[in-house]
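User: Please take a close look at one helix in this model and its surroundings. I would like the packing described, with the cut-offs stated.

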Amino acid sequence: MLGAVGAGVILGVSGVFAVAIAAPDHPQPVTTTTAVAPGSTRPVAADGAAQRVYEGAKESVAYISAESAAGKATGSGFLVSDDGRIVTNEHVVDGADRVTVKLGTRGSEQTARVLAADASKDLALLQVDGGTGGVKPLTLGDSSRVQVGDATYAIGNPYGLDHTFTSGIVSALSRDIQAPDGTPIAGAIQTDAAINPGNSGGALLDGDGTVIGVNSQIASANPSAGGQAGNVGIGFAIPANTVKDFVAHPTSSQVAPPSQEPGLDLPLQ
């Protein structure tokens, strides 16, 4: 097992939190930042394989807005069922009074219900009732088969730039990251695909367009006080097997009881 990412202090600010961590053999503090909200990004050249992944996934990706008394946060998500269930990070919808979702590049904004949101896993399951327009859900793969060096593709809404597509590789496996409530999340996938604020909750895909993780945190060596760090080539995704278990057996850490609706039986690839 590769070295775990050390734990630090969580600072909760309207759907955004930062974890100061000390990286092994690194004299300078490193910060992992969850991603929710607005900037600029670099275009990424895509080869034929990358273009196929993007075309196959783009309509299943969701732009998520969460409104609360503290303001508005934005993040990403993706469709996991034909009946309109969407996975995202818990910190994207934490404390929200109203959540809206725009599915795909042609979909219109619609209200979403939070079926479950678990801060100890940093995962949430949403439900849109206005229909999916026939969009096919993405497939959750078997993250235990992922290997260092595998191609990765991230698709989401960094800084509010919807459907931004970036590529990279699996940089490391079996990283430990911290959930918003401080609970360790084991087995995170480290990638150098560009992930920025607003990518939270989005899909990390393999070369077949299968979801291998949910993009959740990034690391930065130079965080600015009160600001949000940008990508430095170190991102972390919650592994698909953890996500699959959550979708099949939703749990919630919110005050309101979790939805009693059944989970999903998703095939393990």
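In helix α3, which spans residues 240-248, the buried residues are Ala 240, Val 243, Lys 244, Phe 246, Val 247 and Ala 248. Buried means under 20% relative accessible area, exposed over 50% and partly exposed in between, with a 1.4 Å probe and protein chains only. Helices (H or I, at least four residues) and strands (E, at least two) are DSSP runs, numbered from the N terminus.

The model is predicted: local features need pLDDT of at least 70, side-chain atom pairs count only at pLDDT 80 or more, and totals for chains, interfaces and linings use all residues. Residues are numbered from 1 along each chain as its sequence is written, and side-chain values use heavy atoms, leaving out hydrogens and water.

The cover over the buried residues of α3 includes β6 (85-88), β8 (109-118), β9 (123-128), β14 (211-220) and β15 (235-239). Contact here means heavy atoms within 4.5 Å. Beyond its neighbours within four places in sequence, Val 243 contacts Val 87, Leu 123, Leu 140, Val 214 and Ile 238.

Val 243 and Val 247 also belong to the largest nonpolar core, which has 32 residues; together with Phe 78, Val 87 and Leu 205 they touch the most other members. Such a core is a set of buried Ala, Val, Leu, Ile, Met, Phe, Trp, Tyr and Cys residues joined through side-chain atoms within 4.5 Å. Another core, of 16 residues, lies apart from it and includes Ala 66, Val 93, Val 99 and Leu 126.

For the chain overall, 50% of the 269 residues count as buried, and the secondary structure comprises 3 helices and 15 strands.
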